[in-house]
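Please read them with the structure open.

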Amino acid sequence: MKFALPLILLAALLAGCKRQDCTDGVFVLSGQDYGDAPAANVAPLPGRLPPGQLPAGLQPAADGHYPGTKAYCSVLAAHSDYSDALKGNRLQRGRPWFVYRLDARWPQDVYPYHEADWRLKAPARLLKKEESHGSGN
């Protein structure tokens, strides 16, 4: 019985965020500490951008557009993507990382970029730090 809950959670995460499961806002992973209430002093995270409109530092897709910041439907979904974020160089092993709530709504402000890979449609502000992980593990 004690293995049932982790298996159920894993199955839900592997299936990706389904619309009916995503009633708790939009969240992002970050290696940057913006503080507990960053909305007033942090620029919005970027949404989808066409080729030629990418600011310096954003990694474009193969066709030149920026697909938008990777978004999650819950803190748990964001937390579960830690390993992939390391592989994709969105986070650095051994460094602190954070989960933030955005000023965005699920599913109105996100779109499926690939299977189980949701992105912001438009810029969204960070509202609140939901989790901090100081050890990077």
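**Notes on the predicted model**

1. Asp81 is in contact (heavy atoms within 4.5 Å) with Leu29, Lys70, Tyr72 and Arg90, leaving aside neighbours within four places in sequence. The residue sits in the loop between H2 and H3; helices (H or I, at least four residues) and strands (E, at least two) are DSSP runs, numbered from the N terminus. With a relative accessible area of 9%, Asp81 is buried, where buried means under 20% relative accessible area, exposed over 50% and partly exposed in between (1.4 Å probe, protein chains only).

2. Basis of these notes. This is a predicted model, in which local features need pLDDT of at least 70, side-chain atom pairs count only at pLDDT 80 or more, and totals for chains, interfaces and linings use all residues. Residues are numbered from 1 along each chain as its sequence is written, and side-chain values use heavy atoms, with hydrogens and water left out.

3. Confidence. The average pLDDT (the predictor's confidence in each residue, from 0 to 100) of the protein chain is 83, and 80% of the residues score at least 70. Over residues 1-15 pLDDT stays under 50, and for this stretch the model has four contacts beyond four places in sequence.

4. Overall layout. The protein chain has three helices and six strands, and its pattern along the sequence is α-β-β-α-α-β-β-β-β. Of its 137 residues, 37% count as buried. Among contacts with a separation of 6 or more, 72% are between residues 24 or more positions apart.

5. Nonpolar core. In soluble globular proteins, nonpolar side chains tend to be buried together. A nonpolar core is here a set of buried Ala, Val, Leu, Ile, Met, Phe, Trp, Tyr and Cys residues joined through side-chain atoms within 4.5 Å. The largest such core has 28 residues, and Val26, Leu29, Leu102 and Leu120 have the most contacts inside it. At least two residues of this core come from each of E1, helix H2 (75-80), helix H3 (82-87), strand E3 (97-102) and strand E5 (117-120). E3 gives the largest share of the core, five residues.

6. Leu29. Beyond four places in sequence, Leu29 contacts Tyr72, Ala78, Asp81, Tyr82, Ala85, Leu91, Trp97, Phe98 and Val99. Leu29 is also one of the residues that lie nearest the centre of the second largest pocket.

7. Second largest pocket. A pocket is an open set of points on a 1 Å grid over the protein atoms alone, where a 1.4 Å probe fits, with protein on both sides within 12 Å along at least five of seven lines; lining residues have an atom within 4 Å of a point. The second largest pocket holds about 370 Å³ of space, the volume being the space filled by probe spheres set on the points, which are joined across faces, edges and corners. Its lining has 17 residues, with Leu29, Ser30, Leu45, Thr69 and Arg90 nearest the centre. Strand E1 (residues 27-30) supplies the largest share of the lining, three residues. The lining divides into nine nonpolar, five polar and three charged residues; Ala, Val, Leu, Ile, Met, Phe, Trp, Tyr, Cys and Pro count as nonpolar, Asp, Glu, Lys and Arg as charged, and the others, Gly among them, as polar.

8. Phe27. Phe27 lies in strand E1 and is buried, at 0% relative accessibility. Its contacts beyond four places in sequence include Lys70, Tyr72, Val99, Arg101 and Glu130. Phe27 and Glu130 are 103 residues apart along the chain, with their C-alpha atoms separated by 8.8 Å.

9. Lys129. Lys129 is in strand E6 (residues 126-133) and counts as buried, at 14% relative accessibility. Not counting residues up to four places away in sequence, Lys129 touches Asp33, Gly35, Asp36, Phe98, Val99 and Tyr100. Lys129 and Asp33 are 96 residues apart in sequence, and 8.6 Å apart C-alpha to C-alpha.

10. Backbone points to check. Most residues other than glycine have a negative phi, and most peptide bonds are trans. Asn89, in the loop between H3 and E3, has a positive phi of about 60° and is exposed, with a relative accessible area of 68%. Ala116, in the loop between E4 and E5, also has a positive phi of about 60°; Ala116 is partly exposed, with a relative accessible area of 45%. The peptide bond from Trp106 to Pro107 is cis, with omega near 5°, and Pro107 is in the loop between E3 and strand E4 (110-114).
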